[in-house]
Amino acid sequence: MQNVRELMIKKAGEMLSSGEVYGVLAWERGDFACDQTPALFTSPESLSRLAYDEFTAPMLSKYLINEAKKPNEGKKVMVFLKPCDTYNFGHLLSEHKVERDRVYAVGVACSGIFSREKTLLEKCLACKGMEFHHCDEVIGGEGKITWDKLDRFAGVEMIESMTPSERFEFWRGELSRCIRCNACRNVCPVCSCVKCVFDNPGSGVMSKSNADEFEENMFHIIRAFHVAGRCTDCGECSRVCPRNIPLHLLNRKFIKDVNALFGPYQAGASLDDASPLTSYSVNDPEPGYKDKAKGGERVA
Amino acid sequence: MTKIGVFVCWCGSNIAATVDVDAVSEAIKAAPGVVFATNYQYMCSEGGQAAIRSAVAEHGLTGVVVCSCSPRMHEATFRKAAAGAGVNPYMVEIANIREQCSWIHKDKAEATAKAIALARAAVAKLNLDRPLTAPETPVTKRALVIGGGIAGIQTALDVADAGYEVDVVEKSPTIGGKMAMLDKTFPTLDCAACILTPKMVDAAAHEKITLYTYSEVEKVSGFVGNFTVDIKKRARSVSVDRCTGCGVCSEKCPSKRAKSEFDQGLRERSAIYIPFAQAIPNVPVIDRDTCLKFQTGKCGLCEKVCPSHAVDYSQEDEVITKQYGAIVAATGFKPIGLERFDEYAYSRSPDVVTSLEFERLCNAAGPTKGHLVRPSDGKEPKTVVFVQCVGSREASGIGAMKGKPYCSKICCMYTAKHAMLLREKYPDSEAYVFYIDVRTPGKNFDEFYRRAAEEYGVHYIKGMVGKVCDEGNGRLTVRASDLIENRQLLIDADMVVLAAAVEPDPSARALATLLTASMDTNDFFTEAHPKLRPVESPTAGVFLSGMCQGPKDIPDTVAQAGAAAAKVIGLLSKDRLVGNPCVASCDETLCNGCSACERVCPYGAISYETKTVVDRGAKDERRVASVNEALCQGCGACTVTCPSGAMDLRGFTGRQIMAEVDAICR
Amino acid sequence: MPVESAFQPKIAAFCCNWCSYAGADLAGSSRLSYPADVKIIRVPCSCRVNPLFILRAFQRGADGVIICGCHPGDCHYTSGNYFARRRAALLFSMLDYLGVESGRTRVEWVSAAEGQKFAATMNDFAKTVASLGKCRRIGDLRCRTSES
């Protein structure tokens, strides 16, 4: 990692000195221990502050939406992308949120990210792979998964195996903790609408606080459906949730269903693929494929 | 705030017997926005419409709810009545309290409660309605037909006969298409040229028709009624105005090594050539790839011998831009390439030919002057094996597809025709036809096939040919199975004729992109509705004629060409097009520019542009969607795909439908 | 009254204008009854049904939601019901995952000629939803008015 950091500083320094890029999106030490925070470096001198280690969790691709748009004499912005962030980058490109020719994308090797408690993050336990997509170059090469990988969909399957009542109780328990801080939305690279429906009085679903049961019932379902077929499963929502709500279990449910019903799909991997909800096949399965007749379980 | 009047119809006793109409009109007075409510025996009658008019005048209504039969029945009636009373016709909502209430419920209290709920939902929706104006656009009274085969010619003639100008764009040097290559036509066995060439002459002579041969459509913009099209006229190197079609140039041309496209490569042609004797225009074209003048700079013989000084080597491609009200795709088909069907020895033996090559070999104007002989040695064939469904009806899912999943529709009939022609020419010959099924639906078609099998003694064998071997001594060995007799066959043949599947002309794919017209997985153009709108493309103003829409024989093609012409005439006969105002619209301040809506729009009505968006004083330059209201049909697919809620559907806005949901769930 | 109980489930039925709404009209003109608490919302196409509408219906007290559209391949707009089918498959599966029983949601393709099928579908769906009882899961009690 130390070596990768030095290579990153060297490359960033070259790019800034040559004037090829106006700034470098990377990380610096945050306010707390084991907490690296995103930062924009605009001079070679400032790069000594650049940090990259096994606690460097935040994804940078979302910052490109604004950075790559700034005029800056048409110069590019350089960004460091971890393997899972390259899918986010791909997604942003496919939705025209970032112009490819305004970005110099550098993949950086990852060997798993740890929480402050020194445990591997859930999203890393279920790592999607170490390959890079859409990058101009890669520093440190492809990493290796050295730990026992978790099945990405094990958590979803566990909930699916419950009765409807149990499922409801499970989710009420989880979602009722929501304080509506919007961290999950704000960190999400897919949730980058110019104006969120939850902030828009005309949308009919605007709500800004947890004044009613809306969170438990609506906010997270709507958010999950909005990113359905677009979520890259980067796991940032669950990581940043201050109430430790396992939001990835909502997103992964959609991903699992998409894979099972419409064929395997990884958002952000390819720029050409039509996404599952903007395409169709005449042979798609009918909704309620599981068992329409059964009708679930009666509520007491 | 909308001032709403509610009118509850009794529909005689149809509604009033089950629904307490007084209770409904009384209860609905409490709904927000309602300033007047009444009930009347027959709202659709003149008396009922007069009641609307007088209530509008008296109470200053700006919106009307009619609780009556299905909107499918009388929505138009009440919109017209409202418009007559000075209320915007799109400020009318119908609560369906007959089909959805009085006719299906028996309990009066229950039905009355439901009628009130439905009325409330209609009021809730109307409160969010905004006055709409149906858009009107002018119509350019000229049609463009792309493709000059029998389909394009027929459409052009029909449209032109109705008095409208038609331009025909054909990419090859002559019109006539595939039909011009045919010898005889089934089931009448009349000669193709005898029935086609008069039509070609008619098209060329018609004062309303302009032919652009050796030309291609390069760019299309605009929308129904107002298309702007760039047509590239490729350089012929011969002046169409001066040339008299005497043919001296082709005769003298020293470069005679190119394969004749028209004769399916069965003979050579000169570099300056007229595809066939009756070509229209009867003007040669210089194939610059094989012309010595263009390749080496030396020669120039044709220019010297031309008595009318028509040869012009300096000619360049020319792009002309014209306006059209309607566009007809008539791009036709071609037989599939048989490179991947090695088992039939097509590329190894000249005596294995496609059906279209067989047509040329039979044709009196063809490479053999109609003397049906083997291409290899010019001998008359005695035993000919016909193989049907070469590349048609292929089962999908087993490895990579070599052919096509569909039935090419014409092969059964033309193979029967070929076998009959052979037996007629050489009564001592043997004709074997291998088939999966013989499909002969069509007038006099089955009779025709039975004549081949019964009167002409053609051997029909159900089964597939496994392999054709070129034995090298002028003989072909055909290994096949007879599925009915359950035995293997070995036939010594002089010729093998392959009924290759048809596929859409390769130019269709690019054209579909230009027209934003959709295609199916086989690259046939998609119809607006597979049953009810078979000659219209989902893209308004674009029509389909002939094989580009799906496999067809000549009678079907001509019928469809006429139908497409009727649709074109219907469109061009209007001075202005009145559109549907209930279309999608994009709130640019919310649009992310993500392209999701564009991907789901079946009509290509959504495009993107980068522009400055001003939202409450803040300026931002970004990519946003815009809806072409002339193309949008109002399905609403985009509104649901849009993540930010920027897309909404007028007349069925998200807030309106939610208001209805709220009203019926309370 | 149905024998099971006095409970009448509230059902929101989204019907496309071209097929299913016409099918409902045919059920009406054929005098084929179905429960009065099935209420129809007319939409141009099944693809106009935003998942937000379905969530909203549950939030406001619906016990079941059904989407009806043209049969696949028969969509008036060619492809609308294919998109609707995908969205509904995902949303309904998600609702089931959150504890809203799959019996409370349904998609049915009803053509303009299928009045019989429309009525039968609504009767069957209402029966299924009734057997599941009141949907208390997503409904926000405070959104309901006290009247009626």
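In chain A, 20 residues of domain 1 are in contact with 17 residues of domain 2, where contact is counted if the C-beta atoms of two residues, placed from the backbone, lie within 7 Å. On the domain 1 side, the elements giving two or more residues are helix 3 (83–94) and helix 4 (122–125) of chain A. Helix 3 of chain A gives the most, with nine residues. By class, this side of domain 1 of chain A divides into eight nonpolar, six polar and six charged residues. Nonpolar here takes in Ala, Val, Leu, Ile, Met, Phe, Trp, Tyr, Cys and Pro; Asp, Glu, Lys and Arg count as charged, and the others, Gly among them, as polar. Helices (H or I, at least four residues) and strands (E, at least two) are DSSP runs, numbered from the N terminus.

A word on the model itself: it is predicted, with local features needing pLDDT of at least 70 and side-chain atom pairs counting only at pLDDT 80 or more, while totals for chains, interfaces and linings use all residues. Residues are numbered from 1 along each chain as its sequence is written, and chains are lettered from A and ligands numbered from 1 in the order in which they are written.

Back in chain A, domain 1 covers 2–139 and domain 2 covers 154–278, with bounds that come from an automatic or database domain assignment. Their centres, taken over C-alpha atoms, are separated by 25 Å. Helix 10 of chain A (residues 248–262) has 15 residues and should span 21 Å at 1.5 Å a residue, which agrees with the 20 Å between its end C-alpha atoms; the expected span is 1.5 Å times one less than the number of residues. Buried residues of helix 10 of chain A include His248(A), Leu250(A), Phe254(A) and Val258(A). A residue is called buried if 20 or more other C-beta atoms lie within 10 Å of its own, exposed if 12 or fewer, and partly exposed in between, with C-beta atoms placed from the backbone. Just past helix 10 of chain A comes Gly263(A), with a positive phi of about 100°.

Chain A also touches both of its partners. With chain C, the contact takes 41 residues from chain A and 37 from chain C. Helix 3 (80–97) of chain C is among the elements that supply at least two residues of the chain C side, and helix 3 of chain C brings the largest share, 13 residues. That side of chain C holds 17 nonpolar, eleven polar and nine charged residues. With chain B, the contact takes 15 residues from chain A and 16 from chain B. Here the chain A side has five nonpolar, seven polar and three charged residues.

Chain B is divided into five parts: domain 1 (4–127), domain 2 (142–234 + 317–332 + 506–572), domain 3 (248–305), domain 4 (335–503) and domain 5 (584–650). Between the C-alpha centres of domain 1 and domain 5 of chain B there are 35 Å. Three strands of chain B form an open sheet in the order 11-12-17, with antiparallel pairing; strands pair if DSSP finds at least two bridges between them. Strand 11 (215–223) and strand 17 (318–324) of chain B are the edges, each pairing on one side only. Eight bridges join strand 11 of chain B to strand 12 (residues 226–233) of chain B, and Val217(B) stands opposite Ile231(B) in strand 12 of chain B.

Elsewhere in chain B, strand 32 (residues 606–615) contains Lys611(B). Lys611(B) is partly exposed, with 13 other C-beta atoms within 10 Å. The C-alpha atoms of Lys611(B) and Arg623(B) are separated by 6.4 Å, although the two are twelve residues apart along the chain.
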